[in-house]
Amino acid sequence: MSLFEQQLAYIQSEQPFLVHTLKNLAVSPELYQTKATKSGLKTVFMSDPSINKGTQFYIHSQYDPIKEAKQFAQTQYTAETAVFILYGFGLGYHIKEFLARLNEQQQLVIVEMNLQLFKVALSECELHFVLTHPRVTFIISDDEKEVARAIKDYIHETIKLIIYTPAMK
């Protein structure tokens, strides 16, 4: 069983339609290229000729994604927040670091609208800790209305919306 299939099994009971969609989704190798960083971890190089005359960028640091993730989590975490809504899954480095800071009353809602990138993450990085964490909720969909409806359920909480900047490019 591949890493991708193992990780799909973690989310099968919660989101069977998403699992079906991801299994049948083709990832464009021209748009999403997994590359080794200087530290030996992986990052994704994205190249989209249809955006801004050929946007190209890395999802995580080319040098040390863990250092970058720690800095991101440190600057975004606050003890007073009940629910964090994080837009942008990437390869999950920043999510692991963020989860390490959560207390037992806090929750992390992860929003990802790029299904191809999410499939790359599930295929390339071991994410068992994130996918099975009891205080994590996933909103994974390319349907804007579905995402908006799901986020609306958390608006009554003390929330903080966090955007992982490469997710917006």
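Reply: Leaving aside residues up to four places away in sequence, Phe45 touches Leu31, Tyr32, Gln33, Lys35, Gln56, Phe57 and Tyr58, where contact means heavy atoms within 4.5 Å. This is a predicted model, in which local features need pLDDT of at least 70 and side-chain atom pairs count only at pLDDT 80 or more, while totals for chains, interfaces and linings use all residues. Residues are numbered from 1 along each chain as its sequence is written, and side-chain values use heavy atoms, leaving out hydrogens and water.

Phe45 has 16% relative accessibility, so it counts as buried (under 20% relative accessible area; exposed is over 50%, partly exposed in between, with a 1.4 Å probe and protein chains only).

Phe45 sits in strand β2; strands (E, at least two residues) and helices (H or I, at least four) are DSSP runs numbered from the N terminus.

Which residues of α3 are buried? They are Pro65, Ala69, Phe72 and Ala73. Seen down the helix axis, these fall within an arc of 95°, so they line one face of α3; the arc is taken from the directions from the axis to the C-beta atoms.

Now look at α2, where Leu18, Val19 and Leu22 are buried. They cover an arc of only 100°, which puts them on the same side of α2, whereas Phe17, Lys23 and Asn24 on the other side are exposed. Their cover includes α1 (3-11), α5 and β6 (136-140).

Helices α2 (residues 16-24) and α5 (residues 115-124) pack at about 85°, their axes 10 Å apart. Axes are lines fitted to C-alpha atoms over the stretch in contact, and angles between N-to-C directions run from 0 to 180 degrees. That makes α2 roughly perpendicular to α5 (65 to 115 degrees; under 35 is roughly parallel, over 145 roughly antiparallel and the rest oblique). In this contact, Leu18, Thr21, Leu22 and Lys23 of α2 meet Leu115, Phe118, Lys119 and Leu122 of α5.
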